[in-house]
Amino acid sequence: MSASGVPQPGEPVDASGLDVVVIAGTWHDVITDGLIGGAERALVASGASWRLVRVPGSFELPVAAKAALDAGADAVVALGVIIRGGTPHFEYVSSAATDGLTRVAIDTGKPVGFGVLTLDDEQQGLDRAGLEGSHEDKGYEAADAAVRTALVLRALRG
């Protein structure tokens, strides 16, 4: 633990008293459900209270994140899946989600865990979704980052 009392990466956290909203798109169910499962594992382990909200896709994540944080949530975990296709749509949605979520975090002064996967193909998502056989657990990582950042902000603000 650091001198500020905030757990360092890899150390367990006690996020009891934090209210976290997980916001997830509905595209690519298998991958998205894996991301949600990973976020749930991280939040349960931390002791944070949390709830899940679903939105149609990754483009809608920023507006829902802003609403959740404005309504009093301490942090948001944004989860989505964007798979490259044959049109520029991928770049537009990826940019809008990334820029929008960054703006929400800065405007609200509250953390937004970024768990939006931008992929070339479905297999890349399956490898990152925290499913059996996955190499990474990006839902867990996004939730853990949001909780740790909320604790840092709490310590900084006294």
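These legends describe close-up views of one predicted model. Residues are numbered from 1 along each chain as its sequence is written, and side-chain values use heavy atoms, without hydrogens or water. Local features need pLDDT of at least 70 and side-chain atom pairs pLDDT 80 or more, while totals for chains, interfaces and linings use all residues.

**View 1. Strand β3 and its two partners.** β3 covers residues 75-83. Helices (H or I, at least four residues) and strands (E, at least two) are DSSP runs, numbered from the N terminus. Strands pair if DSSP finds at least two bridges between them. β1 and β3 run parallel, with five bridges. Here V21 stands opposite V76. β3 and β4 are also parallel, joined by eight bridges. On this side V76 stands opposite V112. Eight of the nine residues of β3 are buried, so the strand is largely enclosed by the rest of the structure. Buried means under 20% relative accessible area, exposed over 50%, and partly exposed in between (1.4 Å probe, protein chains only).

**View 2. The surroundings of V77.** Contact means heavy atoms within 4.5 Å. Leaving out residues up to four places away in sequence, V77 touches V20, V21, V22, I23, A39, G113, A142, A143 and A146.

**View 3. The largest pocket.** Its volume is about 240 Å³. Of its 15 lining residues, W27, V81, I82, H89 and V93 are the closest to the centre. β3 and α3 (89-108) each supply at least two lining residues. A pocket is an open set of points on a 1 Å grid over the protein atoms alone, where a 1.4 Å probe fits, with protein on both sides within 12 Å along at least five of seven lines; lining residues have an atom within 4 Å of a point. The volume is the space filled by probe spheres set on the points, which are joined across faces, edges and corners.

**View 4. H28 in its loop.** H28 lies in the loop between β1 (19-24) and α1 (29-46). Its phi is positive, about 55 degrees, although H28 is not a glycine. Most residues other than glycine have a negative phi. H28 is partly exposed, with a relative accessible area of 30%.
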